[in-house]
Amino acid sequence: IEMDPESLQGWQIHAQALTFSLKHDEAAAAYEKAIEHFDAAFESDSLMLGGDPRPQLHFNLGCIHGKLGRREPALRELRLAIRGDEVWGGRAREDDYLEELWQDAEFLKITAGDPEALTLEEERDPVYIEELIHRATGLAYGGRIDESLDTADQAATLAGRLQSPELEARALAVRGRTLAFSGNPAPGLDATTIALELIDHDDATTEHRATVVHTHGLVLQECLRFDDARLFLDRSQALYVTHYGENHPVVAKIYGDLARLEADRGASLSELMELFDRGFGLLDAYLESPEAETDRNQRVEALVDAATFKLNLSRLLANNSRATESMTELETALDHFDRVLDDDGFIDPGLLESAYDIADVLVSMVPEKERERAAELLNRVDLLTNPGPPEERQERAFWIGLQRFNNKMRKLGITDQQLAEVYLSALKGQETLPE
């Protein structure tokens, strides 16, 4: 580890060697360092092979604490070890480093796998569960579906143990939405239905009741139950207005969801445009108000939402062969994205990909006299997607283009294995690529 302080195995072996040398304090510090490095590696997906060694590392650290008479740190590490792999419960009851705890009531519950006993102290804090709910939402928006579902499940379980139906409802709503929008609407609806039941009590805040009702409406739409979805979206809008007031940017978002729903129900272009315009109008009014100047986070969120409204409207117009109007709406969307970046905000890459797809379609769609304007829009999106010095942009542009191609092929049903075969053939210089 002197040669490579970031070595995962180095810290692991070093901790074991210190344990065998009976240098327990130093061993405890080394195990903590090893766990820290493995946590970072798993978080960044940088591990290539092998299972997760962290349960054993936590067990070994728990044993060290037990040997040193540190009850609480020992029990905490044992909780983490057994949650990772229940085999460590039995081994804890046999390891002589933990002999002083063998008759401890809490130790016995932990090693028996009692769910309540395995709960960490910080996990009993509502703030911690709130953070899990926000994390699950962010993971879903980032496309990390399995991680989002696991995090939402954890939040719901902890909220249930805490006997907080409101937190449990919110966690289940995130789970339901994530399932529905990843192609599993039926189990998603099961989750949001339970969430509705949990949130239906006098102590629930209007804000969180609105969020759960809203999510249930979105999931109903994914289940193709459009009339029911409209009822719940309308109900959530009324709740949002009660909580925030009629002109708040959160209220504006509902109009985008209503437009998407009404498109599924066969509404006319003019009806859909009216919904988009009403939502954008609320956001635009907020962005010009003094309130927007004092709340950066809300301002950036409103800018992103406004850009999203215009993107969706631009796509709708393009799909209806109204290319010139579509370009105008796309220009407005890109102007708002520029303002987001000027405010040091974040733009979801998926939104930029959507903007690129629209601009790409418009280039081939518009008449010759407007081709230059459309090409400029495509260039603006490209600069947003791939900023930086020209010498760096060229290499990044290649990989971004390759990623776009892969995404298009997947939408056409081409598997990753088929793509890999094509790329391998190309690298070998074969003139005839696999079908």
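Guide: In α9, the residues E166, L167, A169, R170, A171, L172, A173, V174, G176, T178, L179 and A180 are buried, where buried means under 20% relative accessible area, exposed over 50%, and partly exposed in between, using a 1.4 Å probe and protein chains only. That makes twelve of the 17 residues in α9, so this helix is mostly covered. This is a predicted model, in which local features need pLDDT of at least 70, side-chain atom pairs count only at pLDDT 80 or more, and totals for chains, interfaces and linings use all residues. Residues are numbered from 1 along each chain as its sequence is written, and side-chain values use heavy atoms, with hydrogens and water left out.

What covers α9? Its buried residues pack against α7 (126-141), α8 (145-161), α10 (185-199) and α11 (206-222); contact here means heavy atoms within 4.5 Å. The names come from DSSP runs numbered from the N terminus: helices are H or I with at least four residues, and strands are E with at least two.

Now follow α9 from end to end. It covers residues 165-181, and its end C-alpha atoms are 24 Å apart, which agrees with the 24 Å that 17 residues should span at 1.5 Å a residue. The expected span is 1.5 Å times one less than the number of residues. After α9 comes G183, whose phi is positive, near 95°.

Helix α18 has 17 residues and reaches 24 Å from its first C-alpha to its last, close to the 24 Å expected. Among its buried residues are L351, L352 and Y356.

H24 is buried, because its relative accessible area is 11%. Its side chain makes a polar contact with the side chain of Y97 at 2.9 Å. A polar contact is a pair of N or O atoms within 3.5 Å; within protein, one must be able to donate a hydrogen and the other to accept it, and residues adjacent in sequence count only if both atoms are side-chain atoms. Leaving aside neighbours within four places in sequence, H24 is in contact with T19, I64, K67, L68 and Y97.
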